[in-house]
Amino acid sequence: MTATQAPQALDFECETGNYHTFCPISCVAWLYQKIEDSFFLVIGTKTCGYFLQNAMGVMIFAEPRYAMAELEEGDISAQLNDYEELKRLCLQIKRDRNPSVIVWIGTCTTEIIKMDLEGLAPKLEAEIGIPIVTARANGLDYAFTQGEDTVLAAMVHKCPKQAPVVEEEKQERNAIQKLLHFGRKQEDVAAQESEYVDHPPLVLFGSMPDPVVTNLTLELKKQGIKVSGWLPAKRYTELPVIEEGYYVAGVNPFLSRTATTLMRRRKCKLIGAPFPIGPDGTRAWIEKICSVFSIEPKGLEEREAQIWASLEDYVKLLRGKSVFFMGDNLLEISLARFLIRCGMSCPEIGIPYMDKRYQKAELDLLAKTCQEMGVPAPKIIEKPDNYNQIQRIYELKPDLVITGMAHANPMEARGINTKWSVEFTFAQIHGFTNARDVLELATRPLRRNNNLKELGWEKLVKEEAKI
Amino acid sequence: MKLAYWMYAGPAHIGTLRIASSFKNVHAIMHAPLGDDYFNVMRSMLERERDYTPVTASVVDRNVLARGSQEKVVDNIVRKDKEEKPDLIVLTPTCTSSILQEDLHNFVERAQMDSKGDVILADVNHYRANELQAADRTLDQIVQFYLEKARKKGEIGEGKTEKPSVNIIGISTLGFHNQHDGTELKRLMNDLGIEVNEIIPEGASVHNLKNLPRAWFNLVPYREIGLITARYLEQEFDMPYIDISPMGVVETARCLRKIQQVLNAQGAEVDYEEYINNQTLYVSQAAWFSRSIDCQNLTGKKAVVFGDNTHAAAMTKILAREMGIHVVLAGTYCKYDADWFKEQVSEYCDQILISEDNGEIGDAIARIEPSAIFGTQMERHVGKRLNIPCGVIAAPIHIQDFPIGYKPFLGYEGTNQIADLVYNSFTLGMEDHLLEIFGGHDTKEVIHKGISADSDLNWNKEAKAELNKVPGFVRGKVKRNTEKFARERGISEITLEVMYAAKESVGA
Ligand code: SF4
């Protein structure tokens, strides 16, 4: 392979948008858990409630800090006053749960009847004394994980604009700093500050389970990079300070609105990097951040090699196999890039929405990975058509299809191995440490097959008559 | 606006989709935003369906809002007609289409011109009907559509079948144990020498609907789905219907006697008494169970029942009438059909609760502290929190309520299944009884600590020892009652005397 040869250009297409995905209001399920003092109020219909109730599964029985403001006929025909109705419900929430923030999730219905949530929120906020964040995470405009993007973009506006003057206070508000300093004496903390290189403040965005936050923060610390804050933080009251000129970096591929908001409204500088998924992605992510701060990365190459070595038992199962992404959660490009690096080929990546600017570095890494691994670049299909995809899957016979639950069982019954895509959204997949978890998921159907190999139970539906 | 955390019955379109996807070769196209095809996930997961769920969305997005969805809907229908060649496409409105107020009727007419299969618009309004009502209506709508079509062509099946026959109406996908109930009913009819003419909608073909009038009568096993259809068939074709759910020994017998009467009125001359007697006494185990020592130990135990109309009413009757259990409260979330429920259960329970609010039923359970609950998954979780066992008898349900093994609720095998469910829920009556006699064997140190640690009241040594003799599953309740009693009277130390006084005061 000659180094001068440019990577093969990626091929983008757009289909009909007739595909299955989760409604973006599902972000409530993980965000209410992440932001511990929040309450999410979804202003919608029974349809929205039914979806959440079923999609959240057993979480719904754990008295979640979430509820529906269910719109009735009177609300639709504007016989009832929206402001009064919302006030009544929010006061009830204040009384019963006393949250630090109420997040209103606008839905398709509030869009169509043009309920002015953004206009009502500040008024009500002043009246009841609880901050209200409005996010329009509806199925008319967005898919699945993009819901988080709309919520975080709205939260950007609530981040403090200036670091408080008193140093102690700053440490109070900064959760991550506290976390890193946990149990240490003041002098140690001061000494520790010097472990960091002097660089402009960096804020990361994207909701991650706490262990992942700690993990990525420490990973950057090894390079002398200090994470000044994280959007969102564990508590709403700990939202990071964001001043003009701060650097920001995303940890997930679906956060393009949040990125844009940070750049345009808060005049932050976005570090466009591949996402820290897989050891290759994590290394590229750290390297890019280092390069922006003119830091020479230390020990990353060895670290990556070491992780790959530890993954070998799983990678062995994947090498030479093919994977097809039907597309529903926007993690597809990063996951495909990682799996191609594992030695898989990938004929098609379906994806709900492709922001070529926000994902530029990831796309470049994908093209480069394909070239280095000597596999053809995948077709990237935006707004895919599930019916057409199924026909292509029958033709291509991929070894693994990453798809939603609506198609998983029917495909399995036809002898096609599937992995349920939603699991990648909920599992911990970021950073060096979690690379194994991604492969745990990806190889599970293949390992299951090794176990059942000799039974001859592959096709479990009668041959369909060809018309 | 209503603050809601949980709903018992889903939105209207779910009902329509359940009916459409129960039929063979019928495709539903939802007029809905991206993300509302969650039905497919549920069907694929819960029913473990091997086939693709025949439901697609005609996606409503920004473009559609700006330009209207006519073209898109029509294209999608025509496309699906070509791809899958369904017999029927049901255009399914959602909450979104209810407010867009587009002329979906017109789209259907347009699409019909270019489609080989039939196309109809499900006539349900999101704001006026829930899942169950919508399912009931959609089934009727499809049946009427095909019978009228057949009538115009003169294709309606002539006369009655030679032997007595029945249509079973209302078995559907995602219905609680519906698959098993369907099989059990077929067996039952077979035992009685009755031919099953059609089962709808599950597994039925729309082409066969024209044969419906050939049956001698219709059987509607569930209160929620199928009655409108049965009433239509009665009116148009003079077909009698039976709406007694054969759930439980007494109700099954009542259902069979009614069938006998209906058939004899048409000259069949059948007598099922011996069959009923034989099944009841020797084949089904439920009557014998009622008589056995096991069940004797359940006598007077308190239970709460909550669910849909069919299952909650049947369970209440079974518990009270067939097992001697004290049903303190029976409730339903089928608010729209509350009168029927009240009439069915009023003589078998102390209180009736009609509510769609899970908080209300949860509070009632906490207040009553029954020995067992029979409810939905929501009540099961309430039970978990309060340490009260719960048998699940109605939707909403989870994957574990779609068992692979044969578990009907209807017919004679159903009575056996229900007996098991009830008995297992009451934490094994005999065992409990023995524990009580021998003072319990649950004396682990940890439990002592647990009990004294979370209490602000002081239990003296004897009282604590006595409390530990109380069988595990009622211990919490005895402790709570005693402490409540002590608190009300300002007693700070709980002695044996206080315990007994508390016990006497509640009369238990
Ligand atoms: S797609 Fe729209 S109507 Fe459907 S659940 Fe999502 S927000 Fe609610």
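**Notes on how chains A and B meet**

1. Start with one pair: the side chains of A:Asp141 and B:Arg62 form a salt bridge, 2.6 Å from N to O. (A salt bridge is a side-chain nitrogen of Lys or Arg within 4 Å of a carboxyl oxygen of Asp or Glu.) Between chain B and chain A the count is five salt bridges.

2. Before going on: this is a predicted model, where local features need pLDDT of at least 70, side-chain atom pairs count only at pLDDT 80 or more, and totals for chains, interfaces and linings use all residues. Residues are numbered from 1 along each chain as its sequence is written, chains are lettered from A and ligands numbered from 1 in the order written, and side-chain values use heavy atoms, leaving out hydrogens and water.

3. Now the whole interface. 54 residues of chain B are in contact (heavy atoms within 4.5 Å) with 70 residues of chain A. About 5,400 Å² is buried between the two chains, with carbon and sulfur atoms giving 60%; buried area is the accessible area (1.4 Å probe) that two parts lose on being put together, summed over both. B:Met1, B:Leu34 and B:Tyr52 supply 19% of what chain B buries against chain A, more than any other three residues.

4. The chains share strand pairing too: strand S3 (residues 66–70) of chain A and S1(B) pair in the antiparallel sense over three bridges. Strands here are DSSP runs (E, at least two residues), numbered from the N terminus, and two of them pair if DSSP finds at least two bridges between them. Which residue of S1(B) is the bridge partner of A:Met68? Look for B:Ala4.

Notes. Helices (H or I, at least four residues) and strands (E, at least two) are DSSP runs, numbered from the N terminus.
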